[in-house]
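Thank you for sending this chain over for comment. My notes follow the display, as numbered points that can be taken one at a time.

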Amino acid sequence: MTDLLLKIQNQLQEQRPFAVYSKPGSATVTGIFQTNIEEYYLTDFTQQGFVFAPFEGDKYLFIPMQESDVITVTIEANGFAPAEPQPVAINPESKLGFEDLVTRCVNAIKKGEFGKLVASRSEMAQLSVTDITKVYQNLLYAYPNAFKYMFFHPASGLWMGATPEQLLKAQNHTIHTVALAGTQLYKEDEEAVWENKEKEEQQFVTDFILNELKDYTNQITTTQPYTFRAGNIVHIKTDISAELKEASLLKEVLQTLHPTPAVCGLPKTKAKQFILDNEGYNREYYSGFLGELNRDFATGKQAQTDLFVNLRCMKVNGNVAQLFIGCGITKDSNPEKEFIETVNKSMTMRRVL
């Protein structure tokens, strides 16, 4: 692990792109370190490498395998338990602004313009340590069931996250994705009880994915919705699998799914424009996607793609972290409750700072 952490520090010092990540449930940490400072963007979806895509636009940052060194290490559980952060000091202006955004979303939904919208915001937090690799180690040990990553590129800056949501997994012709929605705080020894609003929100996501996949795939199968834990949060989740009609359709499927209703809304194109017009800030790479393209770098296997939605994430600039948080809005959403949900979600990153 020491070699990997030193490599991270060296890449940051020399401003060379890199991605370091660990998959859900895995003790393996993989680092892809670009050996030059060139800016590469993904244009050929048959390439092997690591992709980092924004919420809006098609300029997908790319670290090509052939221009990179790869380091893989195994970590052992160290018993790290993240301390619960101090209660967040609520900024009244930020609270009112977000509640106003939610109210606008609800009104638009009630008018029949949307089935669902996703409202988000960002807030600033101080880093309590100067060594950014320490924060990433905290992330690794705190969230074993998430995709834990650190990504740097001169064009994007430094990002970290622990996302619970898979966008797409592909192996040759077989693809897997998930519909994830609804949020509650995890309570030990208590089974989650989901309200109709949350069940409806999750069904929107499931129906969208199934409808979008049908032109490109055969033999679509789904699980029943179930409760899934991600750190101190639980969601409703449905697993979806299908067979691509042709392996070359991966690009079309990816661009059809992104952004999903879990980060955008329905109908997708109109909802995306509503977000851009109303949120009042730039999401950048929050609610975009990231991961391995056409190669499993830990095993060396080819024709394997593993991509995740960039949620529960932050952008780090010096000793300040910009946290990004959002929530799904339906006609039954309560603006104040939705704001509190974003505060709860911000704890995912605050617990490791």
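**Notes on the predicted model**

1. The structure holds zero disulfides, a disulfide being a pair of cysteine sulfur atoms within 2.5 Å. Cysteine 105 is in no disulfide, and the nearest cysteine sulfur, which belongs to cysteine 327, is 8.6 Å away. Cysteine 264 is likewise in no disulfide, with the sulfur of cysteine 105 as the nearest cysteine sulfur at 11 Å.

2. This is a predicted model, in which local features need pLDDT of at least 70 and side-chain atom pairs count only at pLDDT 80 or more, while totals for chains, interfaces and linings use all residues. Residues are numbered from 1 along each chain as its sequence is written, and side-chain values use heavy atoms, with hydrogens and water left out.

3. Where do cysteine 105 and cysteine 264 fall, buried or exposed? Cysteine 105 is buried, with a relative accessible area of 1%, and cysteine 264 also counts as buried, at 0% relative accessibility. Here buried means under 20% relative accessible area, exposed over 50%, and partly exposed in between (1.4 Å probe, protein chains only).

4. The chain has seven helices and 20 strands, where helices (H or I, at least four residues) and strands (E, at least two) are DSSP runs numbered from the N terminus. Its radius of gyration is 19 Å, close to the 20 Å that the globule rule gives for 353 residues, so the chain is as compact as a globular protein of that length; the radius is taken over C-alpha atoms, and the rule is 2.2 Å times the number of residues to the power 0.38. The C-alpha trace spans about 55 × 50 × 40 Å along its principal axes.

5. Of the 353 residues in the chain, 55% are buried. Among contacts (heavy atoms within 4.5 Å) between residues at least 6 apart in sequence, 71% join residues at least 24 apart.

6. Helix α3 (residues 132-142) has nine of its 11 residues buried, so it is largely enclosed by the rest of the structure. The buried residues of α3 include Ile132, Val135, Tyr136, Leu139 and Leu140, and also the polar Thr133, Gln137 and Asn138.

7. Glutamine 47 lies in the loop between β2 (28-34) and β3 (49-53) and is partly exposed, with a relative accessible area of 22%. Leaving aside neighbours within four places in sequence, glutamine 47 is in contact with Leu42, Phe62, Gln66, Leu293 and Asn294. From glutamine 47 to methionine 65, 18 residues apart in sequence, the C-alpha to C-alpha separation is 8.3 Å.
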